Structure formats: C-alpha cells, structure tokens
Amino acid sequence: MKDKYLNWYKVEELNKNNYVLEETHSLQHNTCYFIKGENRAIVFDSGSGENKEIDGTKIQYQIEKLNQENIPVTLLLSHFHFDHTQNVKEFDHIALPKLKMLEDRMDGNTFHFEKKDLVLGNNPEKMEVNEWFELNQDIDLGGVIIELIHVPGHAPESIAMIDKTNKNVFLGDLIYNFSMLVLTEDWIKDYKESFDYLLTKVDDSYNFYGCHMEPKVAFKKILDAQILLTQMVEGMEPTKKDVRVEAMKWDQYVYGDAEVLILKKIPKTVKLLADLWAHFNLK
Ligand SMILES: [Zn+2]
C-alpha cells in the first residue's frame with residue numbers, strides 16, 4: 001500500500017479533544033472534524049472515500065485512535081454531496097438536523113440519497129437515521145455546547161455547527177478556501193441569507209473552519225462573501241467574468257477575498273467521465 005494511503009488523514013488537535021482530519025491527498029482536499037465532549041462526540045462529515053481501507057475501514061480506524069475512551073460517536077453530515085458522505089456505513093449512530101425537507105423524505109428510519117443530493121456517483125444509496133438534532137438550540141455533548149444552524153445555498157440541506165464552548169464554527173461547504181460553488185442560480189438568495197444569519201450568531205471572536213483546502217477560513221473572507229452575495233441578490237452587478245473550470249462553464253463573481261462560481265453548463269462528456277471516476281474511486 002502506498003504511503004499516502006497509510007497517512008491519509010493529517011490530524012491536528014484544535015482545542016482539547018477537538019480534531020481536524022484533513023484528507024490532503026483527496027482530489028478536493030476534503031476535511032472532516034471530530035468534536036468530543038465528555039458524554040458524546042460528533043464526527044462532522046464522513047470523508048471523500050478516495051482512500052484505501054485500513055483494518056477494514058476508511059475513517060473509523062482514525063476515529064478510534066482519537067477516541068480511546070470510547071465515547072459514543074454520532075455522525076452528522078454538513079450536506080449530502082458525494083465528497084462529504086462516503087463511509088456513512090461505518091457509523092452505527094447517525095443524526096440529521098430537524099429540517100422538514102428531510103423528515104418528509106424518510107422511509108421509516110431510512111433515508112435514501114438521490115442523484116441530486118450526491119451530485120456525482122451513486123454512493124451512498126441510503127443510511128439509517130437514529131436521531132434528529134434540533135436547530136438553533138444548545139446541544140450538550142458534556143462540557144461542550146454546540147448549536148446547529150441551517151445555511152442553505154451550496155446545497156438545500158447545508159448546516160453549520162457552532163461550538164460555543166471552544167468558539168469554533170464548522171462551516172461545511174458554506175465557504176472554504178476556494179471559490180464558493182453555486183450549482184443552481186436560484187439558490188443565491190438563500191446563500192446570502194445564510195451568511196446574514198450566521199453573522200447574527202457569531203463574530204470575529206470565533207475561529208472558522210471549512211471542509212476544503214486549508215481548513216481555517218479568515219473572518220474577512222466571510223464578511224466579503226456576505227457583501228458579494230448581497231450585491232448579487234440586489235442586482236448591483238459585481239465584477240463578473242465567464243470562466244471555464246475543468247471544462248465546465250461557470251460565471252465568476254468577485255468581491256475582496258470572496259469569489260462565487262455559478263455553474264452554467266456541464267457538457268455530457270464531463271458528466272459521464274465524472275460518474276465513471278466516482279464509480280471506480282468511491283465506496
Ligand atoms: Zn464539498
């Protein structure tokens with residue numbers, strides 16, 4: 001096995017018992033987070049799935065190393081895109097945020113992923129949901145208080161996790177150290193309102209962490225993103241140019257340190273190649 005698979009996760013302790021799990025070798029440099037209280041722990045996103053199994057698992061072996069005390073672990077997904085939801089089958093306790101759009105899709109205790117959720121590939125197909133977390137209220141992990149907020153825009157079900165005790169915000173794909181990707185133009189207004197809402201909850205006394213590239217996100221980038229999205233919603237026509245990224249056509253908008261890419265068109269061949277890549281590289 002190549003070394004990169006043996007050292008797939010670059011692990012860093014953020015605060016006592018809170019960890020960043022960076023997949024620096026993954027195609028999109030994904031990052032998961034492990035937040036441990038005295039009574040329970042949260043894994044925020046389950047990995048890109050591009051690595052090889054070690055001792056029969058792709059992420060659980062790493063979590064176990066960080067959880068010698070065997071604190072009960074709950075998996076929480078920031079959103080359902082394929083690069084955040086691989087390996088869900090390695091978790092025996094999974095929670096969803098209490099959103100009507102998700103409750104309405106339940107088949108008993110089973111949630112079925114659809115193509116539009118994953119964007120790429122067809123894995124995972126489904127997961128068993130064991131618990132629903134209320135939004136906008138304190139959740140006590142034992143000495144660590146978290147709060148979940150709904151931040152649609154990148155995906156309709158996107159959430160962010162605020163660790164009020166350690167003053168960290170885990171942003172999912174709301175924003176990270178690359179362009180913000182908007183897959184459906186109609187979601188821009190939601191995206192803007194998500195930043196408005198986030199900024200009623202937290203300020204520059206918090207640290208911010210994204211799920212792609214270098215994990216730590218500067219507060220200025222978040223403020224710039226709010227201004228940029230406001231300009232876009234209000235039709236103020238910020239700097240715009242057409243760009244091609246990986247043969248797909250995007251509209252690019254920029255303000256300060258923030259950049260938005262709106263997907264305009266994916267050629268059929270790119271779709272086909274991407275699905276083929278997913279078929280051979282995920283699971
Ligand atoms: Zn992502």
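**Exercise 1. Which residues does Phe34 touch, not counting residues up to four places away in sequence?**

Before we start, two notes. Residues are numbered from 1 along each chain as its sequence is written. The model is predicted, so local features need pLDDT of at least 70 and side-chain atom pairs count only at pLDDT 80 or more, while totals for chains, interfaces and linings use all residues.

*Step 1.* Two residues are in contact if their C-beta atoms, placed from the backbone, lie within 7 Å.

*Step 2.* With residues up to four places away in sequence left out, the partners of Phe34 are Tyr19, Leu21, Ala41, Val43, Ile63 and Leu66.

*Step 3.* Phe34 is also one of the residues that touch the most other members of the largest nonpolar core, which has 68 residues. Such a core is a set of buried Ala, Val, Leu, Ile, Met, Phe, Trp, Tyr and Cys residues joined through C-beta atoms within 7 Å. Helix H7 (residues 219-233) gives this core its largest share, 5 residues. Helices here are DSSP runs (H or I, at least four residues) and strands are too (E, at least two), numbered from the N terminus.

**Exercise 2. Describe how H6 and H7 pack.**

*Step 1.* Two packed helices are described by the angle between their axes and the distance between the axes.

*Step 2.* For helix H6 (residues 188-201) and H7, the angle is about 140° and the axes are 9 Å apart. That makes H6 oblique to H7, because angles under 35 degrees count as roughly parallel, over 145 as roughly antiparallel, 65 to 115 as roughly perpendicular and the rest as oblique.

*Step 3.* Now look at the side chains. On H6, the residues in this contact include Tyr191, Phe195 and Leu199, and on H7 they include Ile222, Leu229 and Val233. The contact divides into 9 nonpolar, 2 polar and 3 charged residues. Here Ala, Val, Leu, Ile, Met, Phe, Trp, Tyr, Cys and Pro count as nonpolar, Asp, Glu, Lys and Arg as charged, and the others, Gly among them, as polar.

**Exercise 3. Is Asn70 buried or exposed, and what about Asn87?**

*Step 1.* A residue is buried if 20 or more other C-beta atoms lie within 10 Å of its own, exposed if 12 or fewer, and partly exposed in between.

*Step 2.* Asn70 has 8 other C-beta atoms within 10 Å, so Asn70 is exposed. Asn87 has 24 C-beta neighbours inside 10 Å and therefore counts as buried.

*Step 3.* Most residues other than glycine have a negative phi. Phi is positive, however, at Asn70, near 60°, and at Asn87, near 70°.

Terms used
Axes are lines fitted to C-alpha atoms, for helices over the stretch in contact, and angles run from 0 to 180 degrees between N-to-C directions.
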